[in-house]
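Hi everyone, thanks for coming along. I'd like to walk you through one structure this morning, so please have a look at it with me.

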Amino acid sequence: MTPWEMVAVFAAGVGAGGINSVVGSGTLITFPVLLATGLPPVTATVSNALGLIPGSVSGAIGYRKELAGQGPRVLKLSAGALVGGLAGATLLLTLPSTAFERIVPTLVGLALVLVVLQPVISKRVRARREKAEGRAKRDGGVGLLVGLTLASVYGGYFAAAQGIIYMSLMGMLLDEPMQRLNGIKNVLAAVVNSVAALFFLFAADFDWTAVVLIAVGSALGGMTGAAVGRRFSPAALRALIVTVGTAAIVQLVLR
């Protein structure tokens with residue numbers, strides 16, 4: 001890389017780390033920049049996955065207050081994220097590069113619709129559960145575990161907007177404030193990125209310059225994003241998710 005390309009990749013890492021800790025979709029910043037430096041798509045994807053791990057971890061640490069008391073739930077959902085992330089990483093190296101990306105805009109669009117309708121849908125889901133069982137399940141039940149595991153398959157393959165999908169599913173099936181859900185989202189993203197990157201270490205080629213630049217940048221951005229994002233109201237956080245997700249769809253369609 002040229003010096004200017006290194007600066008661009010580092011800056012993209014900072015931006016991606018900040019956006020990932022608050023919303024998700026940071027890959028839509030780093031991935032195009034890596035491609036612009038001349039990296040092949042698969043090399044860019046695997047280098048990006050490894051580089052974003054520190055950002056995911058720092059974002060989760062920044063949300064440690066919101067994660068308090070959610071240990072059992074996080075462990076259960078993380079197990080599904082681990083399985084899904086590994087499956088997605090395997091798909092990346094075995095399927096044609098265009099096979100999965102064709103449905104990515106549709107998945108992101110569906111997630112945005114779910115985010116917008118989340119208050120109404122979650123209210124009806126809670127009412128139905130309380131009528132049938134007396135109270136809502138604290139862990140979201142089998143439906144949430146399966147949904148997040150499938151979302152993690154997508155995350156292990158491409159990662160862009162996986163946080164939006166996580167938030168939409170948890171918003172419907174968990175009776176929790178959005179900031180507490182955001183804490184869970186950051187942990188799940190860290191799990192998926194880590195297991196995918198570990199798999200890639202043994203099966204794919206990395207650009208280590210890109211990995212280091214994104215890692216340092218995303219770690220800084222993750223802490224900064226968490227500090228800022230924790231102050232957002234639920235409505236503001238939902239609006240930010242929709243805005244970033246819409247931009248993600250436009251970029252994916254035009255890319």
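Let me start with a term: a residue is buried under 20% relative accessible area, exposed over 50%, and partly exposed in between, using a 1.4 Å probe and protein chains only. Please keep in mind that this is a predicted model, where local features need pLDDT of at least 70 and side-chain atom pairs count only at pLDDT 80 or more, while totals for chains, interfaces and linings use all residues. Residues are numbered from 1 along each chain as its sequence is written, and side-chain values use heavy atoms, with hydrogens and water left out.

First, the overall picture. The protein has 13 helices and 0 strands; helices (H or I, at least four residues) and strands (E, at least two) are DSSP runs, numbered from the N terminus. Of its 255 residues, 53% are buried. A contact here means heavy atoms within 4.5 Å. Taking contacts between residues at least 6 apart in sequence, 83% join residues at least 24 apart. The protein exposes about 11200 Å², and carbon and sulfur atoms supply 70% of that area; accessible areas come from the Shrake-Rupley method with a 1.4 Å probe, and for residues only the protein chains shown count as cover.

Now to the charged residues. A salt bridge is a side-chain nitrogen of Lys or Arg within 4 Å of a carboxyl oxygen of Asp or Glu, and by this rule there are 2 of them. Which residue partners E176 at 3.1 Å, N to O? That is R73. The two sit 103 residues apart, with E176 in the loop between helix 10 and helix 11 and R73 in helix 6 (residues 71-94). E176 counts as buried because its relative accessible area is 18%, and R73 is buried too, at 7%. E176 also bridges to R180, with the closest N and O atoms 2.8 Å apart. Through shared partners, R73, E176 and R180 are joined into one network.

Let's stay with R180 for a moment. R180 belongs to helix 11 (residues 178-201) and is buried, with a relative accessible area of 19%. Leaving out residues up to four places away in sequence, R180 touches E66, A68 and Q70. Between the C-alpha atoms of R180 and Q70 there are 8.8 Å, although 110 residues separate the pair along the chain.

Next, a helix pair. Two packed helices are described by the angle between their axes and the distance between the axes. For helix 9 (residues 141-157) and helix 10 (residues 162-173), the axes come within 9 Å and cross at roughly 175°, so helix 9 is roughly antiparallel to helix 10. Axes are lines fitted to C-alpha atoms, for helices over the stretch in contact, and angles run from 0 to 180 degrees between N-to-C directions; under 35 degrees counts as roughly parallel, over 145 as roughly antiparallel, 65 to 115 as roughly perpendicular and the rest as oblique. Helix 9 brings residues including G143, G147 and A151 to the contact, and helix 10 brings, among them, I165, L169 and L173.

Finally, the surface. F10, V212, V216 and L220 form a nonpolar patch with about 340 Å² of accessible area together. Patches are made of residues with over 30% relative accessible area and no salt bridge, joining like charges within 9 Å and nonpolar side chains (Val, Leu, Ile, Met, Phe, Trp, Tyr) within 5 Å. Helix 12 (residues 208-229) gives the largest share of this patch, 3 residues.
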